[in-house]
Amino acid sequence: MRWNPSRPLLAGLLLLAWHGAAAATAGDEARDCPVLPPAAGLQAELPDPLRLPDGSRAHEPGQWHCLRQQTLHALEAQVYGSKGPAPEAVAGTVTPERIEVEVRHGGRGERFAARLHLPPGEGPFPAMLVMAGVAGVSPELLASEGVAWIEFPSTDIGAETGQGRRKEGAFYRLYGDEVAGTGTLMAWAWGVSRVIDVIAADDGRLLRADAIGVSGCSRHGKGALAAGAFDPRVVLTVPIESGAGGVPTWRHAPEGAQPATSAFGEQPWLGDAFGTYADDPRRLAVDQHQVLALVAPRGLLVLDNPHIAWLGAPAARASVLAAREVYGLLGATGNLGYHAEVESAAHCAWRPEWDAPARAAIRRHLLRQPAPDLPLPAP
């Protein structure tokens, strides 16, 4: 049936260690379902995000558990590359100005820091990680809602070298050959998970580990989406104008949108394996709407710019509508939103038209207050 979508660790720091299934609570999810090879062959239509391995369609929420893991596996194998194993130890501190992170794995150690901006009032506060610290959800809007703003140091984790697909950064130094084929978007997602680890270990002194969002624009919108998809502790994901390799589906890319070959070659955002499919993404077993589906049933607000063809906004809209199938199965359609009705064509500029949906998403998911459903386009 065809689916038709409408260094040594510093003394005195908090220390975490994972063994076995405990990794699932650290954003590096335990896999307790059979791992299946991604489907092969040309597929012109979007893959059905609810299609089960036997060809039938999921119709109960409980069926999503294993289907989600199989989707994760396929996306790692064909699009992003591996997030790597849960690190052996993470240590860190949270102060009113900074979050310090140290990670140890396989005899290696790395450290990085994220700047922290607290809103007025008494904590602990919800927090929004902004990829690269620029052009995410407006800092003024966050402060007005009592949400802390974390400047996530994306390029310290996975650097954009400006030399084709050469990769550098803490993630690659720590894991070495284990992640040689992984793209920087997944490296950034891994770094977000490590920041959340440190926040969680701080026991809610300044920040609430159960109220963490992530946002970013353009390439950092791609990274925000990956972070939200691959760490279930992120309760709100807000990718902005993410373009190819972010929200838009590959198969629905309109004329003038960045081609897959361009997105693959511009920077090492995507995993090396994606190069096999870049000339014809219809050969992928998956598409980007399934990355959105991984966020379900948590909050996901896609903010877009239809004035710049390169960003592929029509394909982003199609992706959201396709991901709605999974949100619907899980009874969480109101947690998914898309907004692209903006007057200004400026790239990565916060717009007043986004204030209302962003406030609704923040109140609904970070503050857990009554708020309207997030806006969705008509099918």
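This is a predicted model: local features need pLDDT of at least 70, side-chain atom pairs count only at pLDDT 80 or more; totals for chains, interfaces and linings use all residues.
The side chains of E145 and R363 are joined by a polar contact of 2.7 Å. E145 sits in the loop between α2 (139-144) and β6 (148-152). Its relative accessibility is 10%. Buried means under 20%, so E145 counts as buried.

The chain contains two disulfides. Counted along the chain, the bonded cysteines pair as 1-2, 3-4. C33 and C66 form one of them, with sulfur atoms 2.0 Å apart. This pair links distant parts of the chain, 33 residues apart. C33 lies in the loop between β1 (14-17) and α1 (64-80), and C66 lies in helix α1. The link of C33 and C66 is left-handed, with -75° about the S-S bond. C33 is buried at 10% relative accessible area, whereas C66 is partly exposed at 28%.

C217 is joined to C348 by a disulfide, S to S 2.1 Å. C217 belongs to strand β9 (residues 207-217), and C348 to the loop between β12 (336-339) and α10 (355-366), so the pair ties together parts 131 residues apart in sequence. The torsion about the S-S bond of C217 and C348 is about -95°, so this disulfide is left-handed. C217 is buried, with a relative accessible area of 3%. C348 is partly exposed, at 23%.

The largest cavity has a volume of about 60 Å³. Its lining consists of A244, P248, T249, W250, A253, A257, Q258, W310, L311 and G312. Seven of the lining residues are nonpolar and three are polar; none is charged.

Terms used: Residues are numbered from 1 along each chain as its sequence is written. Side-chain values use heavy atoms; hydrogens and water are left out. On a 1 Å grid over the protein atoms alone, a cavity is a set of points where a 1.4 Å probe fits but cannot get out, and a pocket is an open set with protein on both sides within 12 Å along at least five of seven lines; lining residues have an atom within 4 Å of a point. Grid points are joined across faces, edges and corners, and a volume is the space filled by probe spheres set on the points. Ala, Val, Leu, Ile, Met, Phe, Trp, Tyr, Cys and Pro count as nonpolar, Asp, Glu, Lys and Arg as charged, and the others, Gly among them, as polar. Helices (H or I, at least four residues) and strands (E, at least two) are DSSP runs, numbered from the N terminus. Buried means under 20% relative accessible area, exposed over 50%, partly exposed in between (1.4 Å probe, protein chains only). A polar contact is a pair of N or O atoms within 3.5 Å; within protein, one must be able to donate a hydrogen and the other to accept it, and residues adjacent in sequence count only if both atoms are side-chain atoms. A disulfide is a pair of cysteine sulfur atoms within 2.5 Å.
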